[in-house]
Amino acid sequence: MQRAVLLWQCPDQPGIIARLSGLLFEHSGNILSSDQYTSDAEHGRFFIRIEFLFDEEVYTRTHLEGALSITAQELEAEWGLYYAGRVLRMAIAVSRYDHCLADLLYRVRSGELRVDVPLVVSNHEDTRTLVEGHGIPFHCLPVTAQTRAAQEARLLELLRDSSDFLVLARYMQVLTPDFLRAYGKDVINIHHSFLPSFKGADPYRQAYDRGVKIIGATAHFATTDLDEGPIIEQ
(Lines give C-alpha, C1' and ligand atoms only; values in the text may rest on other atoms or scores of the structure.)
Protein backbone atom coordinates (compact mmCIF):
# COMPACT_ATOMS: atom_id res chain seq x y z
CA MET A 1 0.00 0.00 0.00
CA GLN A 2 1.27 3.46 -0.94
CA ARG A 3 0.83 6.36 1.47
CA ALA A 4 0.06 9.76 -0.06
CA VAL A 5 -1.09 13.24 0.92
CA LEU A 6 -3.53 15.28 -1.16
CA LEU A 7 -3.50 19.07 -0.77
CA TRP A 8 -6.51 20.73 -2.36
CA GLN A 9 -7.99 24.23 -2.53
CA CYS A 10 -10.89 25.55 -4.56
CA PRO A 11 -13.89 27.89 -4.35
CA ASP A 12 -16.08 26.68 -1.48
CA GLN A 13 -19.22 24.82 -2.53
CA PRO A 14 -21.36 21.92 -1.25
CA GLY A 15 -20.15 18.38 -1.77
CA ILE A 16 -16.36 18.83 -2.06
CA ILE A 17 -15.51 16.36 0.72
CA ALA A 18 -18.00 13.84 -0.68
CA ARG A 19 -16.48 14.17 -4.17
CA LEU A 20 -12.91 13.68 -2.99
CA SER A 21 -13.59 10.90 -0.50
CA GLY A 22 -15.71 9.10 -3.12
CA LEU A 23 -12.97 9.45 -5.73
CA LEU A 24 -10.35 8.01 -3.36
CA PHE A 25 -12.65 5.14 -2.40
CA GLU A 26 -13.21 4.32 -6.06
CA HIS A 27 -9.42 4.14 -6.52
CA SER A 28 -8.77 1.76 -3.60
CA GLY A 29 -8.05 4.65 -1.22
CA ASN A 30 -8.35 4.38 2.56
CA ILE A 31 -8.35 7.78 4.29
CA LEU A 32 -6.12 7.98 7.39
CA SER A 33 -6.69 11.63 8.31
CA SER A 34 -8.45 14.68 6.90
CA ASP A 35 -8.24 18.35 7.88
CA GLN A 36 -10.21 21.08 6.17
CA TYR A 37 -11.45 24.62 6.59
CA THR A 38 -13.01 27.42 4.59
CA SER A 39 -11.86 31.03 4.53
CA ASP A 40 -15.47 32.24 4.63
CA ALA A 41 -18.80 30.52 5.17
CA GLU A 42 -20.18 32.22 2.06
CA HIS A 43 -18.20 32.57 -1.16
CA GLY A 44 -14.95 31.60 0.58
CA ARG A 45 -12.10 29.34 -0.46
CA PHE A 46 -12.01 25.74 0.73
CA PHE A 47 -8.78 24.03 1.82
CA ILE A 48 -8.30 20.34 2.63
CA ARG A 49 -5.42 17.98 3.43
CA ILE A 50 -6.12 14.26 3.11
CA GLU A 51 -3.63 11.55 4.06
CA PHE A 52 -4.55 8.16 2.64
CA LEU A 53 -3.37 4.72 1.53
CA PHE A 54 -4.01 3.22 -1.89
CA ASP A 55 -3.04 0.04 -3.69
CA GLU A 56 -0.77 0.77 -6.65
CA GLU A 57 -1.35 -2.73 -7.98
CA VAL A 58 -5.05 -1.87 -8.41
CA TYR A 59 -4.72 1.74 -9.62
CA THR A 60 -1.43 3.34 -10.69
CA ARG A 61 -0.31 6.82 -9.69
CA THR A 62 -0.96 7.97 -13.24
CA HIS A 63 -4.55 6.68 -13.12
CA LEU A 64 -5.22 8.34 -9.74
CA GLU A 65 -3.65 11.65 -10.77
CA GLY A 66 -5.68 11.64 -13.98
CA ALA A 67 -8.94 11.24 -12.05
CA LEU A 68 -7.96 14.02 -9.63
CA SER A 69 -7.05 16.30 -12.53
CA ILE A 70 -10.50 15.88 -14.09
CA THR A 71 -12.21 16.66 -10.77
CA ALA A 72 -9.91 19.64 -10.23
CA GLN A 73 -10.95 21.12 -13.57
CA GLU A 74 -14.62 20.69 -12.67
CA LEU A 75 -14.17 22.35 -9.25
CA GLU A 76 -11.65 25.00 -10.43
CA ALA A 77 -9.14 23.63 -7.91
CA GLU A 78 -5.42 23.92 -7.29
CA TRP A 79 -4.00 20.67 -5.96
CA GLY A 80 -0.91 18.59 -5.31
CA LEU A 81 -0.37 14.91 -4.56
CA TYR A 82 2.67 13.95 -2.51
CA TYR A 83 3.90 10.40 -1.95
CA ALA A 84 5.47 9.13 1.27
CA GLY A 85 8.59 7.91 -0.49
CA ARG A 86 9.68 11.49 -1.18
CA VAL A 87 11.32 13.34 1.71
CA LEU A 88 11.03 17.11 1.31
CA ARG A 89 13.89 19.48 2.08
CA MET A 90 12.89 22.10 4.68
CA ALA A 91 15.16 25.13 4.91
CA ILE A 92 14.80 27.28 8.03
CA ALA A 93 15.33 31.01 8.57
CA VAL A 94 15.68 32.37 12.11
CA SER A 95 16.82 35.52 13.89
CA ARG A 96 17.82 35.61 17.57
CA TYR A 97 14.99 33.80 19.38
CA ASP A 98 15.60 30.05 19.14
CA HIS A 99 12.44 28.46 20.62
CA CYS A 100 10.69 27.78 17.26
CA LEU A 101 13.95 26.60 15.71
CA ALA A 102 14.76 24.29 18.62
CA ASP A 103 11.28 22.75 18.46
CA LEU A 104 11.57 22.11 14.72
CA LEU A 105 15.01 20.52 15.05
CA TYR A 106 13.79 18.29 17.88
CA ARG A 107 10.79 17.13 15.83
CA VAL A 108 13.03 16.37 12.86
CA ARG A 109 15.51 14.42 14.98
CA SER A 110 12.71 12.46 16.73
CA GLY A 111 11.12 11.54 13.39
CA GLU A 112 7.89 13.44 14.04
CA LEU A 113 8.68 15.69 11.07
CA ARG A 114 9.80 13.50 8.16
CA VAL A 115 11.93 16.06 6.32
CA ASP A 116 15.57 16.84 5.66
CA VAL A 117 17.00 20.19 6.80
CA PRO A 118 19.68 21.17 4.27
CA LEU A 119 20.58 24.46 5.95
CA VAL A 120 19.58 27.15 8.42
CA VAL A 121 19.97 30.82 7.56
CA SER A 122 20.00 33.68 10.06
CA ASN A 123 20.67 37.39 10.15
CA HIS A 124 22.43 36.88 13.51
CA GLU A 125 25.04 34.47 14.90
CA ASP A 126 23.07 33.57 18.06
CA THR A 127 21.79 30.13 16.94
CA ARG A 128 24.93 28.86 15.19
CA THR A 129 25.95 26.51 18.04
CA LEU A 130 22.45 25.00 18.25
CA VAL A 131 22.24 24.40 14.50
CA GLU A 132 25.75 23.05 14.00
CA GLY A 133 25.23 20.78 17.02
CA HIS A 134 22.59 19.03 14.89
CA GLY A 135 25.11 18.65 12.05
CA ILE A 136 23.29 21.19 9.85
CA PRO A 137 25.09 23.92 7.82
CA PHE A 138 24.52 27.42 9.24
CA HIS A 139 24.73 30.60 7.15
CA CYS A 140 24.73 34.07 8.69
CA LEU A 141 23.52 36.87 6.41
CA PRO A 142 23.33 40.14 8.41
CA VAL A 143 20.63 42.43 7.04
CA THR A 144 20.62 46.23 7.07
CA ALA A 145 18.78 48.72 4.92
CA GLN A 146 21.91 48.99 2.79
CA THR A 147 22.54 45.23 2.45
CA ARG A 148 18.96 43.92 2.17
CA ALA A 149 18.91 43.51 -1.61
CA ALA A 150 22.31 41.82 -1.75
CA GLN A 151 21.53 39.50 1.16
CA GLU A 152 18.17 38.49 -0.34
CA ALA A 153 19.99 37.62 -3.56
CA ARG A 154 22.44 35.52 -1.54
CA LEU A 155 19.56 33.89 0.36
CA LEU A 156 17.87 33.00 -2.92
CA GLU A 157 21.13 31.53 -4.20
CA LEU A 158 21.41 29.32 -1.11
CA LEU A 159 17.79 28.14 -1.18
CA ARG A 160 16.83 27.84 -4.83
CA ASP A 161 18.27 24.38 -5.56
CA SER A 162 18.75 23.03 -2.03
CA SER A 163 15.21 23.32 -0.59
CA ASP A 164 11.63 22.39 -1.39
CA PHE A 165 10.13 24.94 1.02
CA LEU A 166 11.21 27.50 3.61
CA VAL A 167 10.06 27.91 7.21
CA LEU A 168 10.44 31.27 8.96
CA ALA A 169 11.05 30.27 12.59
CA ARG A 170 10.86 33.72 14.20
CA TYR A 171 12.82 35.26 11.34
CA MET A 172 12.38 38.94 12.10
CA GLN A 173 12.82 40.23 8.57
CA VAL A 174 10.09 40.82 5.99
CA LEU A 175 10.84 38.99 2.75
CA THR A 176 10.21 41.21 -0.25
CA PRO A 177 7.66 40.37 -2.96
CA ASP A 178 10.55 40.09 -5.43
CA PHE A 179 12.17 37.37 -3.31
CA LEU A 180 8.91 35.42 -2.87
CA ARG A 181 8.25 35.50 -6.61
CA ALA A 182 11.81 34.48 -7.48
CA TYR A 183 11.87 31.62 -4.93
CA GLY A 184 8.54 30.36 -6.25
CA LYS A 185 8.04 27.73 -3.51
CA ASP A 186 6.03 27.62 -0.29
CA VAL A 187 7.21 29.87 2.53
CA ILE A 188 5.66 29.09 5.93
CA ASN A 189 5.79 31.65 8.73
CA ILE A 190 5.57 30.63 12.40
CA HIS A 191 3.72 33.56 13.91
CA HIS A 192 1.96 34.65 17.07
CA SER A 193 -1.55 33.18 17.28
CA PHE A 194 -3.14 36.64 17.08
CA LEU A 195 -3.69 36.23 13.35
CA PRO A 196 -5.90 37.39 11.80
CA SER A 197 -6.76 39.91 14.56
CA PHE A 198 -3.37 41.60 15.08
CA LYS A 199 -1.06 41.81 12.08
CA GLY A 200 2.13 43.63 11.19
CA ALA A 201 4.51 45.29 13.63
CA ASP A 202 4.44 44.81 17.42
CA PRO A 203 1.47 42.40 17.58
CA TYR A 204 2.04 41.59 21.26
CA ARG A 205 1.69 45.28 22.18
CA GLN A 206 -1.45 45.49 20.07
CA ALA A 207 -2.90 42.46 21.82
CA TYR A 208 -1.87 43.67 25.30
CA ASP A 209 -3.53 47.01 24.70
CA ARG A 210 -6.73 45.17 23.75
CA GLY A 211 -6.64 42.98 26.86
CA VAL A 212 -5.78 39.61 25.28
CA LYS A 213 -4.94 37.03 27.96
CA ILE A 214 -4.05 33.87 25.95
CA ILE A 215 -1.42 33.45 23.24
CA GLY A 216 -0.02 30.56 21.23
CA ALA A 217 1.41 29.94 17.77
CA THR A 218 0.11 30.06 14.22
CA ALA A 219 1.60 28.74 10.98
CA HIS A 220 0.59 30.53 7.80
CA PHE A 221 1.83 30.81 4.25
CA ALA A 222 3.85 33.96 3.55
CA THR A 223 2.60 35.94 0.58
CA THR A 224 3.34 39.33 -0.94
CA ASP A 225 0.69 40.79 1.41
CA LEU A 226 2.19 40.90 4.91
CA ASP A 227 0.47 38.45 7.32
CA GLU A 228 -2.39 37.86 4.87
CA GLY A 229 -1.41 34.37 3.72
CA PRO A 230 -3.70 31.39 4.41
CA ILE A 231 -3.48 30.04 7.95
CA ILE A 232 -2.34 26.41 8.08
CA GLU A 233 -2.71 25.66 11.80
CA GLN A 234 -3.23 27.42 15.12
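Me: Which residues are linked with Arg3 in a network of salt bridges?
Reply: This is a predicted model, in which local features need pLDDT of at least 70 and side-chain atom pairs count only at pLDDT 80 or more, while totals for chains, interfaces and linings use all residues. Residues are numbered from 1 along each chain as its sequence is written, and side-chain values use heavy atoms, without hydrogens and water. A salt bridge puts a side-chain nitrogen of Lys or Arg within 4 Å of a carboxyl oxygen of Asp or Glu. The network joins Arg3 with Arg49 and Glu51.

Me: How many residues apart in sequence are the parts tied together by arginine 3 and glutamate 51?
Reply: Their side chains meet in a salt bridge, N to O 2.7 Å. Arginine 3 sits in strand β1 and glutamate 51 in strand β3, so the pair ties together parts whose separation in sequence is 48 residues. Strands here are DSSP runs (E, at least two residues; helices are H or I, at least four), numbered from the N terminus.

Me: Is glutamate 51 buried or exposed?
Reply: Buried means under 20% relative accessible area, exposed over 50%, and partly exposed in between (1.4 Å probe, protein chains only). Arginine 3, at 38%, is partly exposed. Glutamate 51 has 17% relative accessibility, so it counts as buried.

Me: In which sense do β1 and β3 pair?
Reply: Two strands pair if DSSP finds at least two bridges between them. Valine 5 stands opposite glutamate 51 in β3. β1 and β3 have 10 bridges, and the sense is antiparallel.

Me: Which residue in the turn between β2 and β3 has a positive phi?
Reply: β2 (residues 30–38) also pairs with β3 in the antiparallel sense, over 8 bridges. The two strands form a hairpin with 6 residues between them. In the turn, phi is about 65° at histidine 43.

Me: How many residues does the largest nonpolar core have?
Reply: A nonpolar core is a set of buried Ala, Val, Leu, Ile, Met, Phe, Trp, Tyr and Cys residues joined through side-chain atoms within 4.5 Å. Those with the most contacts inside the largest one include Trp8, Phe52 and Leu81. β1 (2–11), α1 (16–26), β3 (45–54), α2 (61–75) and β4 (78–83) each give two or more residues to this core.

Me: What is the relative accessibility of aspartate 126?
Reply: Aspartate 126 forms a salt bridge with arginine 96, the closest N and O atoms being 3.6 Å apart. Arginine 96 is partly exposed at 49%. Aspartate 126 is also partly exposed, at 48%.
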